[in-house]
Amino acid sequence: MNKKISIAIDGPAAAGKSTVAKIVAEKLSYIYIDTGAMYRALTYKALNENLDLENEHALINMLNDTKIELLPGENGQLIYLDSNNVSEVIRTADVTNSVSIVAKHKLVREEMTARQKAFAENGGVVMDGRDIGTHVLPYAEVKVFLLASVSERAIRRHNENIQKGFSSDLEKLKEEIARRDKLDSEREIAPLKKAEDAVEIDTTSLTIDQVVDRIMGLALERIG
Ligand code: CDP
Ligand code: CDP
């Protein structure tokens, strides 16, 4: 039987992480773990309960009492928060603009990292996020860091909004993405950073298939 490896995919917002991670996981029959969705689910709950997002202890108390499940659905992964399907509502602008504040706290990150490591303990996993190659799965056999220019990433989100029939302001998206990049890269604990042994792929002018092919090439080399 082929060896089951772990694949870590990191990078900034809208670099294409979840899109390619899902495809790679499907091709290899591995599980896909969207770690950003876990931080988003906690942020959604904290906003609903009017928690002060700077209050680390209030957040960790809430998280310790919170069940976050990632389950396979017909059209991709479904996110359940305390047994409720929150897959759509965790993607709203309110959550997007607050999640980096929740994600900066040490105790929150420690608990999320422990849960993410547990998901990956048997290998056969493709996990995407910001600190997977550096902190969550430092021993992952394949580590990829996806990049793309801020303009390209804003255009990608803009196109997604238009496709979904939502209103969208390209300049605002650019600002929001740049702000989140800054918060995620400059935080003290487990910042967004390429792992030394990660392969960097600039996806600005690559198609999804081209990115998937690169990652599949790296994975198949390690699987043997
Ligand atoms: O999909 P998008 O790139 O917009 O973001 P995401 O992957 O859903 O992640 C949302 C936010 O969660 C990020 O901006 C980070 O603040 C945080 N995050 C993190 O700190 N560490 C991770 N491993 C994953 C996400
Ligand atoms: O997970 P992350 O936030 O890094 O990005 P995503 O949600 O997977 O991708 C953002 C958008 O960029 C999606 O609509 C993709 O179809 C598109 N895209 C891509 O992911 N990769 C490319 N090489 C080109 C476009």
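**Exercise 1.** How do the residues of the shell around ligand 2 divide into nonpolar, polar and charged?

*Solution.* Keep in mind that this is a predicted model. Start by finding the shell: 15 residues surround ligand 2, and the closest are Gly-16, Lys-17, Ser-18, Thr-19 and Arg-156. Now sort the shell by residue type: six are nonpolar, six are polar and three are charged.

**Exercise 2.** Find which helices each supply at least two residues of the shell around ligand 2, and which gives the most.

**Exercise 3.** Describe how helices α1 and α9 pack.

*Solution.* First, locate them: α1 covers residues 17–28 and α9 covers residues 208–223. Next, look at the geometry: the angle is about 50° and the axes are 10 Å apart. The two helices are therefore oblique to each other. Then check the handedness: α1 passes α9 in a right-handed crossing. Last, list who meets whom. On the α1 side you will find Thr-19, Val-20, Ile-23, Val-24, Lys-27 and Leu-28, and on the α9 side Ile-208, Val-211, Val-212, Ile-215, Met-216 and Ala-219. Sorted by type, this contact has 10 nonpolar residues, one polar and one charged.

**Exercise 4.** Work out how far apart the end C-alpha atoms of residues 7–218 lie.

*Solution.* Begin with the record: an unreviewed UniProt entry lists residues 7–218 as "domain: Cytidylate kinase". In the model, the end C-alpha atoms of this span lie 10 Å apart. To finish, note the make-up of the span: 50% helix and 17% strand.

How values were computed:
Residues numbered from 1 in each chain as written. Chains lettered and ligands numbered in written order. Predicted model: local features only at pLDDT ≥ 70, side-chain atom pairs only at ≥ 80, totals over all residues. Axes fitted to C-alpha atoms, helices over the stretch in contact; angles between N-to-C directions. Helix = DSSP H or I, 4+ residues; strand = E, 2+ residues; numbered from the N terminus. Parallel < 35°, antiparallel > 145°, perpendicular 65-115°, else oblique. Left-handed = near helix turned anticlockwise from the far one by under 90°. Contact = placed C-beta atoms within 7 Å. Nonpolar A, V, L, I, M, F, W, Y, C, P; charged D, E, K, R; others polar. UniProt positions renumbered as here; feature names shortened; annotations may be inferred. Near = placed C-beta within 6 Å.
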